[in-house]
Amino acid sequence: MATLYNAEEADVICTGASARSLAFSCRRAGLRPATCDLFFDSDLAEHCPGVRIPAGSWPAGLLDGIEQLPALPVIYSGGLENHPGLIRRLEERHEIIGNGSAVLEKTLDPFAVSSCLAGAGLRVPEIRQPGEELPMDPDWLSKPIRSGGGLGIESAAEAETSEGRYLQRFVDGVPASALFLAGKNGSTHQALLLGATEQLIGESWLGAGGFTYCGNLGPIELEEETLREVGRAGVATAAEFSLRGLFGLDFILTDDGPVFIELNPRYTGSVEVIETSCGFATIPHHLSACRDGELPSMAPPPSRACAKAILFAETPVALSASHALVEDDAGTIADIPAIGETIEPGSPLLTVLTEGPDLANCEAKLVRLAREARALFE
């Protein structure tokens, strides 16, 4: 099916490892995105023009892919925050609507992020350089500095290499993520909390394992003191790193409050959950925050719960016309591979989105829809 417009008629480029959710956020805001990513899934291709880069060329292949598109403003999603040099190259031809290369150089330092949050009186896990002697306990993780989606995180005791990695003490609790908009009023940096979601991490019913990110449920209600701490964390990081536009902070909800573990200085996977639950288009405010420093006075309250789950292939899967991914009132299927494409084990197969009156209802529907979708490939 042909898209409704071509790349020459687009007004923004959406890029990242996967651009579908970002592009659909832009479309909900009335923009016409062109895309460049690793997948160019069939539902994205149906609605937006785009360029798909070969998996083996990531991330440098994005430069060649984007150069096939007009010199439009660029918004990026997950993966590119790890490559400030690539963003610097893009800045030579494109307006970056988001955090530029100079900001990303600073946010890539986990010790700077941890120091910023601790300095604001917030709880963070202990972190150490690789090779440092650890206490005699097993609760330490080896994490890649250029991380994404929880990939590459492993037990420090089992890690085979320390290159490009750091050590972080494991924190037990509920994994969560807060979504913010950052702007600047004069010399004052501001951050508006748009909402928080529970993260789905390493869920076996989704074919994931370890610390792999595989979705969000939200928004979650935070106790008053936790809400204050999360808001303070957003303001502290926005000011320390001169953040602008959408960004996320991952944290662990413990019995003693939130423990902050990671900063994501770009459009995050939770945006479409927050947008759906609040009926709120984030992209116009992202543009205003990045270009003019302006933030809305407040975030709209949620009117429903929403959930997303990424289903991973457990065996090699080739999507055929007979799979007929039928949607119903219970939810939506997204990130659908092209017919005939083979998805290797451990790779994302598709995304399930649903909504409902509360989180329990959403989670139940999410589990059912994911199992029904997987059954089509067995």
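Leucine 141 has serine 155 of strand 7 as its bridge partner in this predicted model, in which local features need pLDDT of at least 70, side-chain atom pairs count only at pLDDT 80 or more, and totals for chains, interfaces and linings use all residues. Residues are numbered from 1 along each chain as its sequence is written, and side-chain values use heavy atoms, with hydrogens and water left out.

Strands (E, at least two residues) and helices (H or I, at least four) are DSSP runs numbered from the N terminus. Strand 7 (residues 154–155) is antiparallel to strand 6 and is joined to strand 6 by two bridges; strands are taken to pair if DSSP finds at least two bridges between them. Strand 6 also pairs with strand 8 (residues 165–169), in the antiparallel sense and over five bridges. Within strand 8, tyrosine 166 is the bridge partner of lysine 143. Five of the five residues of strand 6 (residues 140–144) are buried, that is, under 20% relative accessible area with a 1.4 Å probe and protein chains only. Trp140, Ser142 and Pro144 cover one face, and Leu141 and Lys143 the other.

Helix 7 (residues 224–241) comprises 18 residues and spans 26 Å from its first C-alpha to its last, close to the 26 Å expected at 1.5 Å a residue; the expected span is 1.5 Å times one less than the number of residues. Its buried residues include Thr226, Glu229, Val230 and Phe241. The buried residues of helix 7 pack against helix 5 (101–107), helix 6 (110–119) and strands including strand 9 (174–185) and strand 12 (245–254), contact being defined as heavy atoms within 4.5 Å. Just after helix 7, serine 242 adopts a positive phi of about 55 degrees.

The axes of helix 1 (residues 20–28) and helix 8 (residues 271–278) come within 10 Å and cross at roughly 35 degrees. Axes are lines fitted to C-alpha atoms, for helices over the stretch in contact, with angles from 0 to 180 degrees between N-to-C directions. Arg20, Ser21, Ser25 and Arg28 of helix 1 meet Val271, Glu272 and Glu275 of helix 8.

The largest nonpolar core contains 48 residues, and Ile75, Leu194, Leu246 and Ile283 have the most contacts inside it. Such a core is a set of buried Ala, Val, Leu, Ile, Met, Phe, Trp, Tyr and Cys residues joined through side-chain atoms within 4.5 Å. Beyond its neighbours within four places in sequence, leucine 194 contacts residues including Leu179, Leu246, Ile274 and Ala299.

Conventions
Buried means under 20% relative accessible area, exposed over 50%, partly exposed in between (1.4 Å probe, protein chains only).
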